[in-house]
Protein chains: 2
Amino acid sequence: MLRTHTCGQLRKTDIGTEVTLCGWVDSKRDHGGAVFIDLRDRYGLTQVVMGPPEADAKLIDEAGRIPAESVILIRGKVADRLEGKTNDKLPTGAIEVRCEHVEILNACANPPFTPGQSDMPGEDLRLKYRFLDLRRKEMQNALIQRSRIIKVMRDYFAEHDFIDVETPILGRSTPEGARDYLVPSRVHAGKFYALPQSPQLYKQILMVAGFDRYVQVAKCFRDEDLRADRQPEFTQLDLEMSFVDADDIMALIDGLVARTAKEVLGKEVKTPLPRMTYDEAMRRYGHDAPDLRFDMEIVDVTSVAKKTDFRVFRATADAGNYVRGMNVKGAATKYSRRQIDEMTEYVKEFGAKGLAWFRVEDDGTLWSPISKNLDEAHLAEIKELMQGEPGDLLMFLADTWEVTCKGLYALRKRLGAELKLYGPDQLNCSWITEFPMFERDEESGNWTAMHHPFTAPLASDLEKLESDPKACRAQAYDLVINGSEAGGGTIRIHDSKTQSKVFELLGIDEATAEDRFGFLLNALRFGAPPHGGIALGVDRWVMLLAGLENIREVIAFPKTQKATDMMTEAPGEVDSGQLTELHLRTVGVKTQ
Amino acid sequence: MLRTHTCGQLRKTDIGTEVTLCGWVDSKRDHGGAVFIDLRDRYGLTQVVMGPPEADAKLIDEAGRIPAESVILIRGKVADRLEGKTNDKLPTGAIEVRCEHVEILNACANPPFTPGQSDMPGEDLRLKYRFLDLRRKEMQNALIQRSRIIKVMRDYFAEHDFIDVETPILGRSTPEGARDYLVPSRVHAGKFYALPQSPQLYKQILMVAGFDRYVQVAKCFRDEDLRADRQPEFTQLDLEMSFVDADDIMALIDGLVARTAKEVLGKEVKTPLPRMTYDEAMRRYGHDAPDLRFDMEIVDVTSVAKKTDFRVFRATADAGNYVRGMNVKGAATKYSRRQIDEMTEYVKEFGAKGLAWFRVEDDGTLWSPISKNLDEAHLAEIKELMQGEPGDLLMFLADTWEVTCKGLYALRKRLGAELKLYGPDQLNCSWITEFPMFERDEESGNWTAMHHPFTAPLASDLEKLESDPKACRAQAYDLVINGSEAGGGTIRIHDSKTQSKVFELLGIDEATAEDRFGFLLNALRFGAPPHGGIALGVDRWVMLLAGLENIREVIAFPKTQKATDMMTEAPGEVDSGQLTELHLRTVGVKTQ
């Protein structure tokens with residue numbers, strides 16, 4: 001190594017040692033005929049002093065002209081800092097290195113920004129100079145954290161007898177629903193590989209092959225638009241186990257969550273993690289990934305609405321729809337009429353026709369622009385159902401089940417953030433279970449699989465598969481962290497008959513099933529064990545644990561919406577002649 | 001878990017325990033009114049007995065009809081085996097489970113082959129039923145071995161402060177020379193991603209970004225034909241370090257090799273691993289990846305050839321070419337004239353015009369069809385140079401340096417295998433260093449980079465970069481295991497001036513360099529540390545350590561030359577209408 005120590009290593013016990021350090025010039029100060037350089041590497045900062053008697057005038061002069069962010073090598077002796085000049089915040093803050101020799105290993109041109117500056121430029125410039133942006137402490141920490149989290153995962157599963165198996169990147173289309181990236185093959189002219197949306201089929205085949213426990217940190221791909229929390233290539237912790245039920249998988253992941261929280265964040269997470277059925281989550285929070293860092297549950301007051309003379313409530317209830325609301329504790333005076341009007345506009349984005357609200361007054365009565373339309377007895381009933389206390393703000397939507405779910409979920413999410421109902425360090429991990437097997441596609445009216453078509457129904461719902469598909473629940477479980485889906489899995493169907501029945505229900509005819517999933521269907525006929533698994537979104541997991549909101553902050557070279565010539569952002573231009581030749585030939589089209 | 005124990009777990013100490021086992025029916029025997037099933041899972045085999053008094057006639061009858069390779073669940077009590085019926089070869093061989101209950105979890109259709117059969121069918125059928133093929137002990141062992149090797153690697157680098165960073169799969173073209181797979185992007189219409197041939201540029205940028213130590217088990221891609229030891233997608237252990245020289249990287253990998261050999265194979269490997277320069281390897285073995293499990297070095301006898309009257313030798317030497325040979329110890333009587341004639345034909349495949357050979361007779365003289373053309377004194381000189389002893393066979397090529405290298409390398413490889421000059425368990429790992437920076441492209445006569453264009457020259461050869469490119473050696477090192485290149489790396493150029501000079505020499509003009517490597521060139525201007533790294537071929541590494549010769553035996557779902565409808569083998573047909581629409585639109589070509 002060119003260096004004897006890193007820039008984060010030297011302590012008082014090293015005083016007197018001759019050392020060689022390498023690093024980046026983080027900052028530089030001229031002070032009393034000497035130059036002070038904070039030398040930086042991944043491990044820390046060390047103060048280097050170029051001054052007499054160790055350094056001669058020439059060295060001091062040269063040091064003064066080294067551009068910031070240059071890479072230098074220095075030799076010198078570790079020394080005590082002057083009385084009062086120590087820096088307790090820095091692990092190396094008790095010492096400095098008195099420099100005798102300096103070499104510029106690579107001078108830095110005038111950089112568009114420096115990693116230490118407080119006012120960072122916009123993301124476009126930061127991505128263009130990603131090598132500078134990645135020097136920021138925040139980015140280094142996020143990627144080091146990511147590396148650690150993945151290591152903890154791998155260690156955990158190795159301890160639990162899992163085998164890490166690499167599944168192909170170039171394969172056939174997977175049945176995940178999103179659009180595949182297609183890759184023309186030169187060797188097999190006229191054919192295309194697809195990049196996997198998940199290793200689903202492969203891992204099921206590994207179970208049929210008797211691998212018993214498979215794990216992989218797998219790259220997956222979807223040819224879809226970018227969002228703040230979505231990249232076209234993403235990383236999943238993917239696993240599958242044989243001879244298990246849903247409880248086994250959840251218990252395994254409970255252990256992983258606790259281990260990760262402890263080893264990476266130093267936090268204790270109590271296990272087993274709380275579990276809630278899908279139905280309960282929709283009833284209490286309006287969503288299958290509720291943020292459980294704070295209370296404020298949805299309460300159903302339809303039974304009261306049915307009795308009132310208030311037209312909107314009454315008509316909704318009579319039509320078989322719902323009046324549901326939330327008690328925003330202590331918020332009666334926090335929101336003005338105007339702000340509530342704005343919130344009414346907000347819930348309209350989710351299909352609501354309006355927002356009814358009541359303040360609980362000091363005397364315990366409910367006041368609202370609409371309160372005159374309701375009997376006092378009914379108001380009291382509402383207050384009781386909502387557990388209203390003076391100072392509370394009660395908000396209601398009167399609409400279909402779906403709209404009340406969507407609107408109240410959105411409102412709750414917004415209020416939770418606005419009212420700071422949770423702390424920045426709070427971590428809530430929970431399971432949502434027993435999802436419906438199927439949902440109706442709104443456009444076509446057809447049944448679609450809520451997870452994927454390989455999901456097994458609950459044993460107790462097996463006969464509903466044909467008689468009442470809507471009521472049929474799946475052996476499915478989602479892990480929710482702080483109100484975001486952090487992963488999900490299912491127990492799979494392990495016999496070809498049930499699998500065929502599900503395909504039929506989904507309108508996938510035999511020929512199509514054979515074409516798309518023939519390899520799996522065949523495998524299920526030759527000794528398939530009961531099996532199930534889960535996939536965790538690693539990017540999102542890291543983002544949630546690090547308390548970040550932009551997924552590009554946990555990916556070294558992310559993609560952005562803007563197509564520029566940057567290697568990190570967008571695919572490149574290929575010489576169009578060569579490209580069309582190569583690609584059109586593979587698809588069997590003659591070029592002009 | 002459905003089971004209480006695995007099929008590899010039960011011992012004498014478990015006798016009397018009620019257990020539930022799940023697994024595959026490996027084999028079945030009817031014997032004295034009872035059915036004996038060897039139940040198999042990844043962990044082992046357990047003998048299950050369906051017989052009285054525990055099992056009734058119905059259970060025994062049902063058990064007798066379970067097809068082989070079906071998945072069953074059994075419950076019963078662990079019991080001692082009868083005197084003389086124990087199986088010492090099986091860890092569970094002292095016990096059996098006396099079955100009280102059996103459930104068929106998945107019946108197996110009539111399989112085209114079973115994993116236990118001794119005469120396996122051809123690879124095509126095995127790949128078509130990969131889920132059956134993967135049940136074979138050999139395949140399971142190879143993939144478990146692979147998983148362990150990769151885990152050892154990851155642990156080792158984590159201990160050495162490396163950060164595991166994921167680099168993009170969808171990116172721009174990398175400069176590795178082979179053909180890229182191209183992926184049309186829907187979001188950025190008209191543009192294509194390339195799949196990486198290596199994360200070379202990304203990892204160099206991570207060094208410029210100050211990550212100091214990067215490691216990744218990376219998927220890489222080359223759109224090339226398949227071979228027994230090559231797949232279009234392959235796995236590399238890829239790493240990069242800052243502030244290092246070649247010795248640091250080699251010492252690091254020495255530690256990895258020793259650790260892996262010990263933890264995975266239980267073998268001691270002495271470190272530091274032997275090192276040999278490229279020049280020495282070509283001189284002594286004719287190749288840059290010599291098999292050092294056995295001796296039989298190439299010896300140069302040109303100095304004697306020059307003095308003889310034997311026309312072929314003399315003319316070769318006079319023309320400035322070489323007469324080089326090998327002493328095949330004790331092989332004088334092992335090869336007949338006819339066999340040597342056949343070997344002569346063999347070396348002609350490598351450009352040689354013939355093969356000269358001598359037997360060392362019992363009296364110490366050399367005998368050969370050509371010995372009459374040589375003086376006794378010269379024959380004695382040759383014998384001495386070759387250290388010939390009675391019974392030895394001396395073989396020579398007289399040709400250009402290149403042809404003697406190629407021919408003798410091939411001959412040595414063949415003789416080593418034929419004469420069993422190494423044992424099946426022998427492991428030899430060595431470094432080849434100081435490769436030439438450049439080689440001439442035979443067709444165009446242009447210089448090309450022997451490793452890649454980012455490789456730094458030896459400091460002592462820096463001035464030869466312009467004056468004598470052919471003599472300029474690189475800071476490059478290859479790891480050779482048992483005569484196969486198992487990985488290679490270089491110290492990189494870390495200043496843009498040297499980088500530009502190398503590009504110039506390689507005939508890459510400024511605009512092209514900027515277009516292809518602009519992002520890296522730019523990074524080298526903003527504080528780039530000295531850095532270097534290495535990439536190890538994981539597939540090959542596992543293959544070599546497992547003593548296998550077909551890379552498809554260490555990959556769960558390999559690709560084969562034949563395009564069939566199997567997901568594991570070939571890319572699928574995509575609906576041609578949809579495909580051309582989608583793909584032609586992205587390349588900006590109007591479809592008819």
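**Views of predicted chain A**

**Figure 1. Overall fold of chain A in the predicted model.** Of the 592 residues in chain A, 58% are buried (buried means under 20% relative accessible area, exposed over 50% and partly exposed in between, with a 1.4 Å probe and protein chains only). This is a predicted model, in which local features need pLDDT of at least 70 and side-chain atom pairs count only at pLDDT 80 or more, while totals for chains, interfaces and linings use all residues. Residues are numbered from 1 along each chain as its sequence is written, chains are lettered from A and ligands numbered from 1 in the order in which they are written, and side-chain values use heavy atoms, leaving out hydrogens and water. Chain A contains 17 helices and 22 strands (DSSP runs of H or I with at least four residues, and of E with at least two, numbered from the N terminus).

**Figure 2. Domains of chain A.** Domain 1 covers 12–106, domain 2 covers 140–276 + 430–553, and domain 3 covers 294–421; the bounds come from an automatic or database domain assignment. The C-alpha centres of domain 1 and domain 2 of chain A are 52 Å apart.

Figure 3. A:His451 lies in the loop between strand S19 (447–449) and helix H13 (464–467) of chain A. A:His451 counts as partly exposed because its relative accessibility is 27%. Beyond its neighbours within four places in sequence, A:His451 is in contact with A:Phe435, A:Ala476, A:Asp478, A:Gly489 and A:Thr490 (contact means heavy atoms within 4.5 Å).
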